[in-house]
Amino acid sequence: MPTHASEVSVVLVAPDGTRRVRALPRVRPGLHEAVVAGIGAGTRYLLRIDDREVPDPFARSLPEGPYAPAEVLPPRSPSTPRRPIDMKRAPVIYELHVGTFTREGTFAAAREKLPHLVELGVDAIELMPVASFPGARGWGYDGVALLAPHAAYGGPDELASLVDEAHRLRLSVLLDVVLNHFGPDANWLPAIDPSLFDEDEPTPWGAAPRFSHPAMRALAREVLRLYVVEYGFDGLRLDATHAIVDRSATHVIAELSQLARGMPGPPVLIAEDERRDPMLFDRLRLDATWADDFHHAVHVLLTGERDGYYAPYEPTLSTLADVLRAGWRGPTHGDRERLVYCLENHDQTGNRAMGDRFWSLARDEDARAATLLAFFAPSSVLLFQGQEWGTRVPFLYFTDHEPELGAKVSEGRRAEFAEFPAFRDPAARARIPDPQDQRTFERGKLDWSERDRAPHDAILALHRAAIALRRSDPVLCDPSAELQVARHGEMLIVTRALRGARRVLAWNLGHEPRELRAGGRVLLASREDALHEMHLAARCAVILAC
């Protein structure tokens, strides 16, 4: 174990609380190591660093959370073959938060809902971070033990069962991981070695991880190895890659990409990155990146909101058309399947003060038409839990920090909206749900009974039809099909062509029916009466085979 300490021991904790201490001698400066006999699967232990006892931040299991002893686990192997993701096919990915996806909020309960996702037609599920963090509830981006699945969700065995069942049902599985920072509470790594973090590289969560340090770099490699090799994940989504600081000759992301490519059925690495820079693919060798410009352009167009990061986007069809042509707000990117589009994700919903969902913000007709556009585009598509039936259940920001830290988080949550016109009044800010209140968390749990009730059943049918068409149509299933985007007044016309066949999406954003000059056979419409005698109804969209 690398550490700055002079004395290091392992404290073995028996079920009755009895403790046995085994010293780890220093074998060279900064490294303490020993073979400790009598340790098997299920053994609980702590680390003693000089006179301080801490849980192992490299543990594979923390059954009682990151303030309690770690548990020894044997190496595991997936029970089902992995299902590698081919980004060239522009997959449909379904993002979910284990704690709110079901009423129970566990890996086991999520496993029971997988047949719904198979019927929906998605290619992969993406779990929001599951690394262990203090408290019972949270988004997962405050993880402190990256190798130990969060105990409140069910722990390592249940996570493995979820992945195995998904593979059995022919679903690929992605995991969102956070390498750019550690949570503010119960991060024991500095107790082992303060030089694991770089005080000269501050982040909103504290000093940045120092990936030039061999142990921190080894931890990043182990995150990839553990979740791919032992749990069977088919890829990782890397949170905020623009905030991963590494001045090494080879950036840690590039190293992870190289390692991933050397694995059988290489797992994919998908970035969340705000830079819109082709170096993500050229230098860092990532497979894909979230491209939020599509979401922002559609959101501003349909809602007129210009607050915060929506300010650079004009609420015009031209803005949306420009994003579709280039792929994002920047130089045209040819490999559109490597850009992941969405109408909703955890950030775009949860970063709103009231956790408003897409189907609550947009008019029903507009949301239906935008759904067709998202699946018509050649980019990969991400859905957020419940979006497929148009849920209005909010997804709010929620935490379960210790009281002193929690009070600061609650205060900071409301303060961050002070510059938004709707919340400049302190009374308005006071209505923002308190992230520390358990009711805030409970409000975000999906209501699965909505799915079978009107109007949600019709929205679900639309999503199933759009995904099925995207999969089966010989033009729409090929991201290499030529893409053309045109605007005619209040009509958006998007054309995809391949080997003489053309598919046309027309979206009338006006308030009157518009003549549609292009003829063709209707493949899918945002509503049944959208097209009548080649006149497209107001606020409707249609996909044609021409």
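Which residue stands opposite Arg-496 in strand 22? I looked it up: Arg-503 does.

Source notes. The model is predicted, so I noted that local features need pLDDT of at least 70 and side-chain atom pairs pLDDT 80 or more, while totals for chains, interfaces and linings use all residues. Residues are numbered from 1 along each chain as its sequence is written, and side-chain values use heavy atoms, without hydrogens and water.

Strands. I took strands as DSSP runs of E, at least two residues, and helices as runs of H or I, at least four, numbered from the N terminus. Pairing requires at least two DSSP bridges between two strands. Two residues separate strands 20 and 21 in their hairpin, where Gly-489 has a positive phi of about 65 degrees. In the hairpin of strands 21 and 22, Arg-499 takes a positive phi near 50 degrees. I found seven of the eight residues of strand 21 buried (under 20% relative accessible area, 1.4 Å probe, protein chains only; exposed is over 50%, partly exposed in between).

Core. I defined a nonpolar core as buried Ala, Val, Leu, Ile, Met, Phe, Trp, Tyr and Cys joined through side-chain atoms within 4.5 Å. The largest has 110 residues, and Leu-492 and Trp-507 are among those with the most contacts inside it. Helix 6 (residues 214–230) gives the most to this core, nine residues.

Helix 6. I counted 12 of its 17 residues as buried, including Arg-217 and Glu-222. Gly-232, with a positive phi near 90 degrees, follows helix 6.
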